[in-house]
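I opened my notebook to look up a few things in a structure. Here is what I looked at, entry by entry.

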Amino acid sequence: MERFPIPGTFLHIKPNTTGTDPLLRRAFSIFDYDEATGVVDILYKVAGRGTEVLSRVRPGETLDVLGPLGTGFDLPLTIDHLVLIAGGVGIPPVYLLAKSHLRQGFDGKRISYFCGLTMAAEKPMADRVEKLPINLQFATDDGSFGFKGFVSELLRARLDDGSLGTNPVICACGPDGMLKAVQTIARAYGTKCYLSLESIMPCGVGTCLGCVVKKDGEEKYVRVCREGPVFEATEVEL
Amino acid sequence: MTAPSLNVTIGGVEFKNPILTASGTFGYGEEFDEYIDLSRLGGIVTKSITRHERKGHPPPRTAETASGMLNAIGLANVGVDAYVRDKLPFLRNLGTRIVVNVAGFDTDEYLYVIDKLNGHDEIDMIELNISCPNVKGDGMEFSSNPQIAYDIVKKVKGICGFPLMPKLSPNVADIKPIAKACEEAGADALALINTLYGMAIDPFNWRIKLTNITGGLSGPAIKPVAIAAVWKTASVVKIPIVGIGGIMDYRDVIEFMLAGATAVQFGTANFVQPDCTIRAIDDLTDYLGSRNIQDVNDLIGKAKKT
Ligand SMILES: Cc1cc2nc3c(=O)[nH]c(=O)nc-3n(C[C@H](O)[C@H](O)[C@H](O)COP(=O)(O)OP(=O)(O)OC[C@H]3O[C@@H](n4cnc5c(N)ncnc54)[C@H](O)[C@@H]3O)c2cc1C
Ligand SMILES: Cc1cc2nc3c(=O)[nH]c(=O)nc-3n(C[C@H](O)[C@H](O)[C@H](O)COP(=O)(O)O)c2cc1C
Ligand code: FES
């Protein structure tokens, strides 16, 4: 890729080079970008047939990739404190957001990153996050590493102890349950919050109307692939 | 040698090639503008429109299955007024044929929508989606019964200012009487097939994959069903047939034409490869050239029995 991608945008990747099973592309957030080489990385977990086939692709093989697609994060550098929350393989969009802000001169002391994992064994996923000069804290479900409990509870604790400045902006990506909890907390604290959503995406470009999520308070659906995947937390009903 | 001719004529309308996009898989055309040169297409069939805006079914609306996918979008669309106001202007002067797919849940709705479209000269043809449940009748699809299909096509034809192409459902015991009924009612062409009923359940969490329970199956998995439907229909009607179902590339186009189709529509393939139609046009041209076939019409119905 020629330019630093907008954090939160995604690639639509065909896992197989030939054949019709799997048939459709799969969506992956852009994880990392190397400005020297133009190389783009994704970070993914095997969830089913598509990602399983993808995991068998060998170095040097060519993949069919469409993108970057979607509407990513659009956050000015003037915000007071950037609070990033990632659950499991939700790391990529918020990692790239931290990297993008740092690159534009945003002070790492004003970035807090809460990384939620099921257990310590998953920690290698966060290797690159650990290298960023930001405030990084872990939470594990089993307490085997860092804060014991959900990453949303860690967020609540930090909002309560005032360590996130006076006017933080929250950006989160992860499983639905986590996003729902973050959405509830942001609402309760009146904190501005953006969520990067996942959904099953047959086309990725806005034509099939398969990927929709419900708009909050309205009998309307919006496309996650086009209007999203990043939404303001007040916009959508999870 | 001159380049082979790809022109086909359906219901008196000339298409520059037999490759169209299928309703519901190409939005209103706009979304693909940045990926392909729309003017190269034979035609664009737009998403089904109804009298009023429809939000569609709650998600999840799709599930992938072996070489196919299920969808229960629920005919989500902007409604005919917004279609005419916001979507038609983009479709004007694209340099390709515009086929507008119309859906309805009772006869009045079809007539209402057609009436609103009449007079808009950017439209070249109407594709009538008669695979919707007839809410005022017995809840059966309009296209599941020859008499019901005849009545609706006859009434619509009476007021429709464009060539009319009913789109048939494969969810019937025998498609032939339905096709014949549409022809007798005045249809100018037939499009087939729409999606097949299907359902999928996750074996690990026991959940039905679609909120709507059942959905429509599309993609390569349904191609043999569609080929047989085209073949059978071609044996009983004289009007042109537009073949749909699992078409991925030029070889599938040829297969449908050999079975009796005059043109085809690409559906699910657009999701896999946004430029699938353009590639197929190029590959079809090469295929005809390499075999010294001067006219694509020479393929229609030429399948040989073994
Ligand atoms: C914008 C976006 C960005 C994404 N970024 C990443 C990423 O960076 N890393 C990563 O590992 N994954 C990411 N995903 C999720 C990834 O697309 C799915 O894991 C993948 O499509 C699963 O395909 P599969 O064939 O392996 O599994 P399938 O067999 O298709 O599905 C396995 C299970 O997951 C469910 N499922 C399938 N697709 C999705 C989906 N998109 N969202 C939620 N549940 C789903 C299915 O219903 C099923 O229960 C992203 C999804 C979106 C929409
Ligand atoms: C997501 C999706 C939405 C569709 N929406 C419509 C629709 O609104 N109206 C209609 O007549 N057919 C609709 N179809 C059916 C297609 O036009 C086509 O008949 C069917 O998918 C079979 O072709 P394919 O296998 O090439 O996809 C839809 C299909 C899909 C996959
Ligand atoms: S994935 Fe098709 S509209 Fe979003």
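I began with a term: a polar contact is a pair of N or O atoms within 3.5 Å; within protein, one must be able to donate a hydrogen and the other to accept it, and residues adjacent in sequence count only if both atoms are side-chain atoms.

**Ground rules.** I noted that this is a predicted model, where local features need pLDDT of at least 70, side-chain atom pairs count only at pLDDT 80 or more, and totals for chains, interfaces and linings use all residues. Residues are numbered from 1 along each chain as its sequence is written, chains are lettered from A and ligands numbered from 1 in the order in which they are written, and side-chain values use heavy atoms, with hydrogens and water left out.

**Entry 1: ligand 1, polar contacts.** A polar backbone atom of A:Leu43 is 2.8 Å from a nitrogen atom of ligand 1. An oxygen atom of ligand 1 has a polar side-chain atom of A:Thr51 at 2.3 Å. For A:Glu198, a polar side-chain atom lies 3.4 Å from a nitrogen atom of ligand 1. I then checked the cover: ligand 1 taken alone exposes 870 Å², and the protein buries 77% of that. Such accessible areas come from the Shrake-Rupley method with a 1.4 Å probe; for residues, only the protein chains shown count as cover.

**Entry 2: ligand 1, the shell.** How many residues surround ligand 1? I found 22, and the closest are A:Arg26, A:Ala27, A:Gly50, A:Thr51 and A:Ser199. A residue is near a molecule or strand if one of its heavy atoms lies within 4 Å of it. The shell divides into 12 nonpolar, five polar and five charged residues. Here Ala, Val, Leu, Ile, Met, Phe, Trp, Tyr, Cys and Pro count as nonpolar, Asp, Glu, Lys and Arg as charged, and the others, Gly among them, as polar.

In chain A, strand S2 (26–29) and helix H1 (49–55) each supply at least two residues of this shell. S2(A) gives the largest share, four residues. Helices (H or I, at least four residues) and strands (E, at least two) are DSSP runs, numbered from the N terminus.

Why is the site of ligand 1 shared between chains? Residues from chains A and B surround ligand 1, so both take part. Ligand 1 also lies between two domains of chain A, because domain 1 (10–69) and domain 2 (81–237) both give residues to its shell. Domain bounds come from an automatic or database domain assignment.

**Entry 3: the two domains of chain A.** I looked up the spacing next. The centres of domain 1 and domain 2 of chain A, taken over C-alpha atoms, are 22 Å apart. Their contact (heavy atoms within 4.5 Å) takes 17 residues from domain 1 and 17 residues from domain 2. About 1,500 Å² is buried between these domains, and carbon and sulfur atoms give 64% of it. Buried area is the accessible area (1.4 Å probe) that two parts lose on being put together, summed over both. In domain 1, A:Phe10, A:Phe31 and A:Leu43 lose the most area to domain 2, together 37% of what that side buries.

**Entry 4: chain A against chain B.** I counted 26 residues of chain A in contact with 31 residues of chain B. The area buried between the chains is about 2,300 Å², with 60% from carbon and sulfur atoms. In chain A, A:Leu23, A:Thr207 and A:Tyr221 lose the most area to chain B, together 26% of what that side buries.

**Entry 5: ligand 2.** I found 24 residues around ligand 2, and B:Ser23, B:Ser48, B:Lys167, B:Gly246 and B:Thr268 come nearest. An N or O atom in the side chain of B:Thr268 is 2.7 Å from an oxygen atom of ligand 2. A polar backbone atom of B:Ile193 is 3.1 Å from an oxygen atom of ligand 2. Taken alone, ligand 2 exposes 600 Å², and the protein buries 98% of that.

**Entry 6: a cis bond.** I went back to B:Ile193. A cis peptide bond joins B:Leu192 and B:Ile193, with omega about 15 degrees. Most peptide bonds are trans.
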